[in-house]
Amino acid sequence: MGVECRYEVAQAAYVKLALHALKHPTAAVNGLLVGRLLDSASPAVVSVVDAVPLSHQPHHLPLLPTLELALTLVEDHFAPQGFAVVGYYHANARRDDTDLPAVAKRVGDHIFRYFPRAAVLLLDNQKLEKVIKGDSRDPVVQLYSRDSSKSWRQAGSDGSSQLTLKEPSTNVVLADHVTTKKWQQIIDFDDHLDDISKDWLNPSLLG
Amino acid sequence: MDCQRVDVAKDCIGVLSKQFPGSTRVGRLEALLFEAKGDWAEAERAYALILENNPFDQIAHKRKIAIAKAQGDMSVAVDYLNKYLELFMADHDAWRELAEIYVSLQMYKQAAFCYEELILAQPTIPLYHLAYAEVLYTLGGLENLQTAKKYYASTIQLTGGKNTRALFGVCLCSAAISQLTKGRNKEEDSSELQSLAAEALLKDYKQRSPSKEALIAGMLKNMKLS
């Protein structure tokens, strides 16, 4: 039973996760997706409105403390606005690595317990390269959702889940930010914990 | 090579090898050039040759490990690293690298062992205490959490209370421990440690990140109650 569900990713979320990956090209990076279920829509639509970058350091990324801290703080911060943690994104360190790693599945499972339509987005490094060159309109992320056998399945393989970019010009905007080296400014939780004056909300990043 | 100017690198190596024929250092550079081009098989062959003549060439050993890692062959990388550490037990960077690879493979017990070696060798480096605590916390279970709390505490001591992760770590451990020991007779009251850590965090946030102070205060409050 693939619960039909669309995932609509807003520009802010998409650009942030891509910039996060670009800032740390030799490391794996991850982060949380924030949004809500649009109950008025049928079939269901999960609107991903923001992304909170978490880690890029290999001795913190797969471990629990940063993740647990972030989950609590992100939930607490966004709840008054009606948003919750609705998913997780991950980018592998190696360029040609397109496997969804165990840590992504574990975090996904954890988020799924609180939000049953949780999404896991895996960045496709090669697609990202194309978008930066201005060569592609495709999303640079691959959507995974949980199927009835509790495993994470790529969207599109059975047509039951779908990812759309909310704003059609998102890739163009991303390419633009790359040329202005915006990726240098993005802050993740690792950066924050190293220097708490740095804000993981990235409030003024995208203007 | 780091700038992807493989052509320039090739020319430089050519000049060097004419100047210093048979040099191991140049041999390593040649092998490195194969790596830069992604020619793994040739690189491995080159390093094997170097190691035949110099079986204790640390750099060649490490490059072999790097190649395995670059190809995503983590179990091979682990294997090579372990063999390397049998020869070069005092190479702290290698222990750290091994720990990180184990963590990425979710082999936390093995990662913990690496950090234990590092702490034994260099007990005053807070980074190792912190990393060890994080692995123990991830492993979970009452004993590991209690030990993790101790190592977060030692990190705090070694860093003069300035390490944010360690301060948070103490709070996280305390909350997790109290969850696990709910209803049981509490041991010696160590609540002073976590309230001091919480106080230090709030003070720091008030000063350096006031926009987040309320959020942190809320979270710490919930943790104390749980």
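**Cysteines, helix pairs and a histidine**

Mentor: The model is predicted. A search over all chains of the whole structure turns up zero disulfides.

Trainee: Which cysteine sulfur is nearest to that of B:Cys171?
Mentor: B:Cys171 takes part in no disulfide. A disulfide needs sulfur atoms within 2.5 Å. Here the nearest cysteine sulfur is 9.4 Å away, and it belongs to B:Cys173.

Trainee: Is B:Cys171 buried or exposed?
Mentor: The cut-off for buried is under 20% relative accessible area. B:Cys171 has 5% relative accessibility, so it counts as buried.

Trainee: And A:Cys5, buried or exposed?
Mentor: Apply the cut-off of under 20% again. A:Cys5 has 4% relative accessibility, so it counts as buried.

Trainee: In chain B, how do α1 and α2 run, roughly parallel or roughly antiparallel?
Mentor: Helix α1(B) covers residues 6-19 and helix α2(B) covers residues 24-37. Their axes come within 10 Å and cross at roughly 165 degrees. Angles over 145 degrees count as roughly antiparallel. So α1(B) and α2(B) are roughly antiparallel.

Trainee: What is the handedness of that crossing, and which residues of α2(B) make the contact?
Mentor: The crossing of α1(B) and α2(B) is left-handed. From α1(B) come B:Val6, B:Ala9, B:Lys10, B:Ile13, B:Leu16 and B:Ser17. From α2(B) come B:Val26, B:Leu29, B:Glu30, B:Leu33 and B:Lys37.

Trainee: How many residues of that contact of α1(B) with α2(B) are nonpolar?
Mentor: Sort the contact residues by class. One is polar and three are charged. The nonpolar ones number seven.

Trainee: Now α4(B) and α5(B): are they roughly parallel or roughly antiparallel?
Mentor: Helix α4(B) spans residues 58-70, and helix α5(B) spans residues 74-87. The axes come within 7 Å and cross at roughly 160 degrees. The crossing is left-handed. With that angle, α4(B) and α5(B) are therefore roughly antiparallel.

Trainee: How many nonpolar residues does the contact of α4(B) with α5(B) have?
Mentor: Among the residues in contact are B:Ile65 and B:Ala68 of α4(B), and B:Leu81 and B:Tyr84 of α5(B). By class, two residues are polar and three are charged. The nonpolar count is nine.

Trainee: Where is A:His59, and which residues does it touch?
Mentor: A:His59 lies in the loop between β3 (44-55) and α2 (64-78) of chain A. At 16% relative accessibility, A:His59 counts as buried. Leaving out residues up to four places away in sequence, A:His59 touches B:Glu100, B:Tyr115 and B:Glu134.

Key. Residues numbered from 1 in each chain as written. Chains lettered and ligands numbered in written order. Predicted model: local features only at pLDDT ≥ 70, side-chain atom pairs only at ≥ 80, totals over all residues. Heavy atoms only, no water. Buried < 20%, exposed > 50% of the residue type's maximum accessible area, 1.4 Å probe, protein only. Axes fitted to C-alpha atoms, helices over the stretch in contact; angles between N-to-C directions. Helix = DSSP H or I, 4+ residues; strand = E, 2+ residues; numbered from the N terminus. Parallel < 35°, antiparallel > 145°, perpendicular 65-115°, else oblique. Left-handed = near helix turned anticlockwise from the far one by under 90°. Contact = heavy atoms within 4.5 Å. Nonpolar A, V, L, I, M, F, W, Y, C, P; charged D, E, K, R; others polar.
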